[in-house]
Amino acid sequence: MWRLSAFLRRCITTSSSRHRKKDGLFIIHPDVKEALADQRPVVALESTIITHGMPYPHNLSTAKEVEAIVRAEGAIPATIGILEGSIHVGLSSDELDFLAQSKMALKVSRRDLPYVISKGMSGGTTVSGTMIAAHKAGIPVFVTGGIGGVHRDGENSLDVSADLTELGRTPIAVVSAGVKSILDIGRTLEFLETQGVCVATYGDSNSFPAFFSRQSEFTSPYHVSSPQEAADLIASTLSLGLQSGLLLAIPIPEEHAATGQQIEDAIQTAVKEASSQGVTGRDVTPFILQRVNELTKGKSLQANIALIKNNAKVGSQIACALSKHKEKTGGNFRGDIKTRKSKDQRTDSYAIVIGGINVDFIAKGMTKKLVFGQTNPGSVCQSFGGVGRNIADCLSRLGQRPLFISAIGKDSHSEAVLNYCKHMDTSAVARLQDQRTATYCAVITESGELSLGLGDMDIHQQIQEQYVSQFEDQLASASLVVLDGNIPVSTIDYVCRIAKKRAVPVWFEPTDADKACKPFLSESWKALSYISPNLAELCTMNHTLGLPTPTEFPRSLEDVLGCVPALSRPLLEHLNCVVVTLGALGVMVCGEHAAGTVNLQPQKQKLKGRLCAVHYPALTVSSKETVNVSGAGDSFAGAMMVGILRELDTDSCVRMGLLAARTSLMSPHPIDPSLTADDIHPEKLQSQLWPKPSFVWIED
């Protein structure tokens, strides 16, 4: 979404809080707790790969990328770790960073849990430690790199990983790449059989993978070939109440198989060297791993990361399939910690977004000035945008599950768009024959200012009343409906009629000054609850209603803060709230007064209280940090909507928006794929040094 002054370009700083206050033995992250309560898919992830598996910063970046993959597949990641004596199920960005850089973090298995907790220590959980925590929380699917096993010469040393016994007594589905060939794979499979653990390879054969190699000389008893088959197997395992786990072995992707084979060859060489040099006992594994890294010149680390990412993707697909299985059958695989809400406790909010999808091409110049008529040096990247898509994307990444109603063509762009939006509910996106998916090209200067934009948006006119009316029942029961200015006037009028009849709050995002007039061409605007214009769009709205507007835009802060309430006042006869974005000057929120600020919550009756406005000053972000300005406003609006749906106070709602906008500005994508609810969590807001907002009364 393009603003008069590229909204919120300078409106952000960073937060420095580390992790939440300790308040119990188990601390479940709010996102995880909410997902479990709503029976949405959650994937458990271990943390020894962060504390002991990779060097910093590879460990931190890999952990965040893996979590992003889980979210992209439609599940919620729950990285499990120990922080100051508490078991955390789901970690914030700051907590991940803390573990990644910690020099004192321990490796925590079942054996170590009591001691580490009693001493208030921190550590990364192994496969067995993670299984225990995941089971307690009621998370049935756990993704890891590889499991431990029976060590070579284990029949004499009795060196057997606790991962195997844990699989025998904790009902969790463990998704891994099998067992490293430095271990005794044959005896590991025999031990798992003794423990009563069902083992299945994911794919078309029973060949059991050896971590870096797609196959070993051993086979699994069974195989499953799809997420649905895997989910059925997990459901059967858990429903039987056997109290034993399930191991799903995922072969390394084909494209990494050649590198994987080189690593396997290096492992065999290292094993022989260890034997010839008389290396024994606990010294064997460190010796082999070091030699493998030396022999492969670091390729083993790269392959390890690729393998873990693939496991996360497949494991998340399985978790989603299992969640759907539970919906159909009514099954419920709960742990010991109560997270499920009763019917009376549920406070679900359901949003619908109606608007456009674009394939965006962002060209950023590398010089201070762009010279038209010739080639300018710069960078070009492709992303996926559209105001409606951006807002639906933001809501989805922040824990909502909005229904997104839109239209795309049946062309080369449509599959890419849908694949990118897998984490969203795109079931209401129409695919139209002989239509082009909307495309947009933006040319921005080195400092991030929009220089030129070109768009092929004709398909947005196909989001017509006839199509949208198919979802009338959903519209009538929604907690919030969001309209972007790209859709036809007739569609806006239809939705406003439904909203007025059923008292459904509607948020209108005008998109640009030309489209800001659409609801105001008729009485439809009186059914709106929220609008989020910039100053130019606010003037258009007033002008469309025949109201006086300034002949030129005010420039000073004092004049702007006088103009905005005056222009908002007549609209507030019917609207609940006017959110005016002011670029470098910040944002001004206008509406009914409550408790010293503007009341953002939807009002079922016409405003009767005194009106006021609150100005939130802009924060700053440098032009060097600014990568993409096309989604900051949409990120702001989406995060603010989340705060309203959660019934948070006005300051929290606005500041959540500012924090979400920061991630957008610094990302090549309109909505940062790594954006999470934790990034803008109200607790994080307390550590931010926010400029004090200013309050004014709006006079009649």
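Reply: Let us begin with a definition: helices (H or I, at least four residues) and strands (E, at least two) are DSSP runs, numbered from the N terminus. By that convention, Glu 84 is found in the loop between strand 3 (76–83) and strand 4 (86–89). Please note that this is a predicted model, in which local features need pLDDT of at least 70, side-chain atom pairs count only at pLDDT 80 or more, and totals for chains, interfaces and linings use all residues. Residues are numbered from 1 along each chain as its sequence is written, and side-chain values use heavy atoms, with hydrogens and water left out.

Me: How many helices and strands does the protein chain have?

Reply: The protein chain has 23 helices and 26 strands.

Me: How is the radius of gyration of the protein chain to be read against the globule rule?

Reply: The radius of gyration is taken over C-alpha atoms, and the globule rule is 2.2 Å times the number of residues to the power 0.38. Here the radius is 27 Å, close to the 27 Å that the rule gives for 700 residues, so the protein chain is as compact as a globular protein of that length. Along the principal axes, the C-alpha atoms fill a box of roughly 90 × 65 × 55 Å.

Me: Which domains does the assignment give for the protein chain?

Reply: Domain bounds come from an automatic or database domain assignment. In this chain the assignment gives domain 1 (22–139), domain 2 (144–328), domain 3 (347–503) and domain 4 (529–699). The centres of domain 2 and domain 3, taken over C-alpha atoms, are separated by 42 Å.

Me: What percentage of the residues of the protein chain count as buried?

Reply: Buried means under 20% relative accessible area, exposed over 50%, and partly exposed in between (1.4 Å probe, protein chains only). Of the 700 residues, 57% count as buried.

Me: Is Glu 84 buried, partly exposed or exposed?

Reply: Glu 84 counts as partly exposed, because its relative accessibility is 34%. Its backbone also deserves attention: Glu 84 has a positive phi of about 50 degrees although it is not a glycine.

Me: Which other residue than glycine has a positive phi near 60 degrees?

Reply: Asp 434 has a phi near 60 degrees, and it is a residue other than glycine. Asp 434 lies in the loop between strand 16 (425–432) and strand 17 (439–444). With a relative accessibility of 73%, Asp 434 counts as exposed.

Me: Where is a cis peptide bond to be found?

Reply: A cis peptide bond joins Tyr 56 and Pro 57, with omega at about 5 degrees. Pro 57 lies in the loop between helix 2 (48–53) and helix 3 (58–72).

Me: What percentage of contacts between residues at least 6 apart in sequence join residues at least 24 apart?

Reply: In the protein chain, 73% of such contacts join residues at least 24 apart.

Me: Which residues in contact with Phe 287 lie beyond its neighbours within four places in sequence?

Reply: They are Ala 270, Glu 273, Ala 274, Gln 277 and Val 279. Phe 287 itself lies in helix 12 (residues 284–296), and Phe 287 is buried, with a relative accessible area of 19%.

Me: How many residues apart in sequence are Asn 310 and Ser 176, and what is their separation in space?

Reply: Asn 310 and Ser 176 are 134 residues apart in sequence, and their C-alpha atoms are 9.7 Å apart in space. Asn 310 is found in helix 13 (residues 299–329) and is buried, with a relative accessible area of 18%. Its contacts, leaving aside neighbours within four places in sequence, are Ile 250, Pro 251 and Pro 253.

Me: Where is Leu 557 placed?

Reply: Leu 557 is in helix 20 (residues 557–568). Leu 557 is partly exposed, with a relative accessible area of 38%. Apart from residues up to four places away in sequence, Leu 557 touches Leu 585 and His 615.

Conventions:
Contact = heavy atoms within 4.5 Å.
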